[in-house]
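Me: Please show the model, and then I will ask about its fold and one of its residues.

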Amino acid sequence: MDDFASQIYTQVHQIPIGKVATYGDIAKFSGFPGYARQVGRLMATLPEGSSIPWHRVINAKGMISLTGHDLTRQRKKLEVEGVEVSEVGRVRLAKYRWDGY
């Protein structure tokens, strides 16, 4: 695993239960500002059964980027952790966004 991926996975592991972070937040907290798309790519290519809490990472609009069954799966994982998610996948960042500490 390269250093970039390692830094990203480390940050995602630190997102507390009941909080979310944006792809851009994770890139910035990892020391790679501007690499939000690459964070998204890493989250999308995690192996099945990974322990990384990928479901806590959403887009800058406060929306789940996935669609269909995948949106439903991510929404349910967040709801189990106490995060309110609208039917279309919107999360109130003002309430649930992790500040990195």
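Reply: Helices (H or I, at least four residues) and strands (E, at least two) are DSSP runs, numbered from the N terminus. This is a predicted model, in which local features need pLDDT of at least 70 and side-chain atom pairs count only at pLDDT 80 or more, while totals for chains, interfaces and linings use all residues. Residues are numbered from 1 along each chain as its sequence is written, and side-chain values use heavy atoms, with hydrogens and water left out.

Me: Is Asn 59 buried or exposed?

Reply: Asn 59 sits in the loop between β2 (57-58) and α4 (68-80). Buried means under 20% relative accessible area, exposed over 50%, and partly exposed in between (1.4 Å probe, protein chains only). With a relative accessible area of 18%, Asn 59 is buried.

Me: Which side chain does the side chain of Asn 59 join in a polar contact?

Reply: A polar contact is a pair of N or O atoms within 3.5 Å; within protein, one must be able to donate a hydrogen and the other to accept it, and residues adjacent in sequence count only if both atoms are side-chain atoms. A polar atom of the Asn 59 side chain lies 2.9 Å from the backbone nitrogen of Lys 61. The side-chain partner, at 3.3 Å, is Ser 65.
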